[in-house]
Amino acid sequence: MSQHGLPMDRDAGPFDPPSALTRLRDTRPVSPLVFPDGHEGWLVTGYEEVRQMMADTRFSSRLDLDVIHVPYETGMPAATEPSPPMPGMFIAMDPPEHSRLRRKLTGAFTVKRMKQLEEHIADVVERQLDHLARLAPPVDLVKEFALPVPSLVICELLGVPYADRDTFQANSAQFMVREQTLEEKMGAYIALNTYLSELVTSKRAEPGEDILSDLARHDDLTVEELTGAAFLLLLAGHETTANMLSLGTFALLEHPGQRAELAADADLLPGAVEEMLRYLSVADIFFRYATEDLELGGETITKGSTVVVSLLAANHDPRRFENPDTLDIRRNARGLLSFGHGVHQCLGQQLARIEMRAGFGGLLRRFPTLALAVPAEEVKLRTDMNIYGVHELPVTWTAGS
């Protein structure tokens, strides 16, 4: 039986996959999906199937090959022609174009370079915790901590003036809204693109000590390609980590036993971050496009089909993780798919891990009495956004702690 549209309703709780997704994964991990515009495609929810598909470049990441059919109602008209590829947006490219651009960035995100940044990131977190401690609770943890930390770090890394954050944060947040008109989405995109285009042009004229300047030194990259790469890095560099920090804190507050264990033993932090990445999977939905007839999970996927992947469902697959819907900070969550898999695996994953270890560790140490300031069911979830999380997380604590 074909599924009409993607099940998005978080009926099982704020941290669990929609129960309809879970049922599909357990009965048919590669299942037919009828898109709102009537196109018939596929939904992949099983761990092994998702992993296999993301490693197979015959499932293309390009958005310009054909219409990409959106799996949920957006209010936007169905596309009638292929969208041109955005220069520099290597997440939507296939090899060899993808490889050419990504290779130029690999040096900026080496494990060694990220390790060197660790101390600096810890300082950024401490300063933000100092700021938080000066405020009178209740406060919104998203606004005062979870969003500023990765924004400060990525701005500094890329060479984006932090003073401009209100503008780019507002535009990137608007760009991520799921149900909006094409005009609204393009307005946010054009504003962000114009800003970044001016920035990379100035970097090319006067390079500094930052990633965008490093990229701008490559004469074979056009300003448009530089702008597209900057767009992707800025968006991915603060949106995902900010939502992991806020949703992860919400999850810890809702699992006091896990939180107490983590607060008592800092050595558990690296494993706890991996488990939260698996458990929460904030970047959930990805698209691929079959460039030829392919077999996946016992199903034949015909050339031209749009294939939708749920990393959340895959990361909660009991065939791979025991008791997957339980948050267990002592679990070995190795093999999680939260950063993707294959050639598009997230470039900034080490940076995100360092920010999360510093963020969660600092919060637990400095605010041992941290608590929700509203009932859990009143926390506003980002079910309307392409990156899941919370819109606000009102928290409080006892003075002096």
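This is a predicted model: local features need pLDDT of at least 70, side-chain atom pairs count only at pLDDT 80 or more; totals for chains, interfaces and linings use all residues.
Is Glu299 buried or exposed? Glu299 is buried, because its relative accessible area is 15%, under the 20% cut-off. Now show its contacts. Leaving aside residues up to four places away in sequence, Glu299 touches Arg28, Val30, Trp42 and Leu294.

Next, select Arg62. This residue sits in the loop between β4 (59–60) and α3 (97–106). Arg62 is partly exposed, with a relative accessible area of 29%. In sequence, Arg62 and Phe90 are 28 residues apart; in space, their C-alpha atoms are 9.1 Å apart.

Move on to helix α4, residues 111–134. Its 24 residues reach 34 Å from first C-alpha to last, close to the 34 Å expected at 1.5 Å a residue. Where does α4 bend? Look at Glu118, where the bend is about 40°.

Stay on α4 and colour its buried residues: Met114, Leu117, Ile121, Val124, Val125, Gln128, Leu129 and Leu132. What do these buried residues pack against? Select β5 (139–140), α5 (141–146), α6 (148–158) and α14 (349–366). Keep α14 in view for the next stop.

Turn to the second largest pocket, which holds about 230 Å³ of space. Centre the view on Glu274, Ala333, Arg334, Gly335 and Arg353, which lie nearest the pocket's centre among its 17 lining residues. Helices α12 (269–280) and α14 each supply at least two residues of this lining. The largest share, three residues, comes from α12. By class, the pocket lining has five nonpolar, seven polar and five charged residues.

How many cavities of 30 Å³ or more does the structure hold? There are four.

The largest cavity has a volume of about 160 Å³. Select Met8, Arg10, Arg178, Asp284 and Tyr388; of the 15 lining residues, these lie nearest the centre of the largest cavity. Its lining divides into nine nonpolar, two polar and four charged residues.

Finish at the second largest cavity, about 70 Å³ in volume. Select its lining: Thr249, Leu252, Leu253, Arg259, Phe360, Leu363, Leu364, Phe367 and Leu370. Which elements give two or more residues to this lining? They are α10 (223–254) and α14. The lining of the second largest cavity counts seven nonpolar residues, one polar and one charged.

Conventions
Residues are numbered from 1 along each chain as its sequence is written. Side-chain values use heavy atoms; hydrogens and water are left out. Helices (H or I, at least four residues) and strands (E, at least two) are DSSP runs, numbered from the N terminus. The expected span of a helix is 1.5 Å times one less than its number of residues. The bend at a residue is the angle between axes fitted to the seven residues ending there and the seven starting there. Buried means under 20% relative accessible area, exposed over 50%, partly exposed in between (1.4 Å probe, protein chains only). Contact means heavy atoms within 4.5 Å. On a 1 Å grid over the protein atoms alone, a cavity is a set of points where a 1.4 Å probe fits but cannot get out, and a pocket is an open set with protein on both sides within 12 Å along at least five of seven lines; lining residues have an atom within 4 Å of a point. Grid points are joined across faces, edges and corners, and a volume is the space filled by probe spheres set on the points. Ala, Val, Leu, Ile, Met, Phe, Trp, Tyr, Cys and Pro count as nonpolar, Asp, Glu, Lys and Arg as charged, and the others, Gly among them, as polar.
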